[in-house]
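Here is a short briefing on helix packing and aromatic contacts. Please keep the sequence and the structure side by side while you read.

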Amino acid sequence: KLTGATWLVLSSFLTLTLFGKINATIAISFVILGDSFAALIGKKWGRLKVFKKTLIGSGAFFLISCTIVFCFPQVDKLKGVGIALVGTLIELFPLKIDDNFSVPLICGFLLWL
């Protein structure tokens with residue numbers, strides 16, 4: 001069985017290869033920073049859970065992802081915030097595929113469109 005780190009390395013390679021440096025940097029940052037903050041804040045202050053994840057942790061993921069979008073002036077902000085929301089929902093829902101794999105690939109693809 002592959003670990004979250006293995007999935008992240010694989011998805012990072014694919015995202016960089018397929019969607020370009022800027023799109024990949026944003027998408028990979030969503031999962032690295034967003035997931036980290038979601039876990040830290042969710043464990044500390046999370047009470048209300050949905051799908052075994054805390055809503056405050058998911059809120060942290062979304063806010064961090066939006067902050068990342070605003071660090072890149074070449075990205076359309078409305079589109080970027082929408083993609084941050086998609087990344088948050090992928091992270092929240094209990095999908096069969098690891099979110100360390102799916103978030104960068106899906107968000108990278110959407111940024112590339």
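The buried residues of α1 pack against α2 (21–45) and α5. Contact here means heavy atoms within 4.5 Å. This is a predicted model: local features need pLDDT of at least 70, side-chain atom pairs count only at pLDDT 80 or more, and totals for chains, interfaces and linings use all residues. Residues are numbered from 1 along each chain as its sequence is written, and side-chain values use heavy atoms, with hydrogens and water left out.

**Helix α1**

- Helices (H or I, at least four residues) and strands (E, at least two) are DSSP runs, numbered from the N terminus.
- The buried residues of α1 are Ser11, Ser12, Thr15 and Phe19. They cover an arc of only 110 degrees around the axis, so they lie on the same side of α1. The arc is taken from the directions from the helix axis to the C-beta atoms.
- An α-helix has 3.6 residues a turn, so residues three or four places apart point the same way.
- Val9, Phe13 and Thr17 are exposed on the other side of α1.
- Buried means under 20% relative accessible area, exposed over 50%, and partly exposed in between (1.4 Å probe, protein chains only).
- The 16 residues of α1 should span 22 Å at 1.5 Å a residue, and the end C-alpha atoms are 21 Å apart, which agrees. The expected span is 1.5 Å times one less than the number of residues.
- Glycine 20 follows α1, and its phi is positive, near 85 degrees.

**Aromatic pairs**

- The structure holds 5 aromatic pairs. Rings of Phe, Tyr and Trp (its six-membered ring) pair if their centres lie within 6.5 Å; planes under 30 degrees apart count as stacked, over 60 as edge-to-face and the rest as tilted.
- Phenylalanine 19 and tryptophan 112 form a tilted pair, because their ring centres are 6.1 Å apart and their planes are at 50 degrees. This pair joins helix α1 (residues 4–19) to helix α5 (residues 99–112), across 93 residues.
- Phenylalanine 19 counts as buried, at 11% relative accessibility.
- Phenylalanine 51 and phenylalanine 93 are also tilted: their ring centres are 5.1 Å apart and their planes at 50 degrees. Phenylalanine 51 is in the loop between β1 (49–50) and β2 (53–54), and phenylalanine 93 is in the loop between α4 (77–92) and α5, 42 residues apart.
- Phenylalanine 51 is partly exposed at 42% relative accessibility, and phenylalanine 93 is partly exposed at 38%.
- Ring pairs link Phe19, Phe109 and Trp112 into a cluster.
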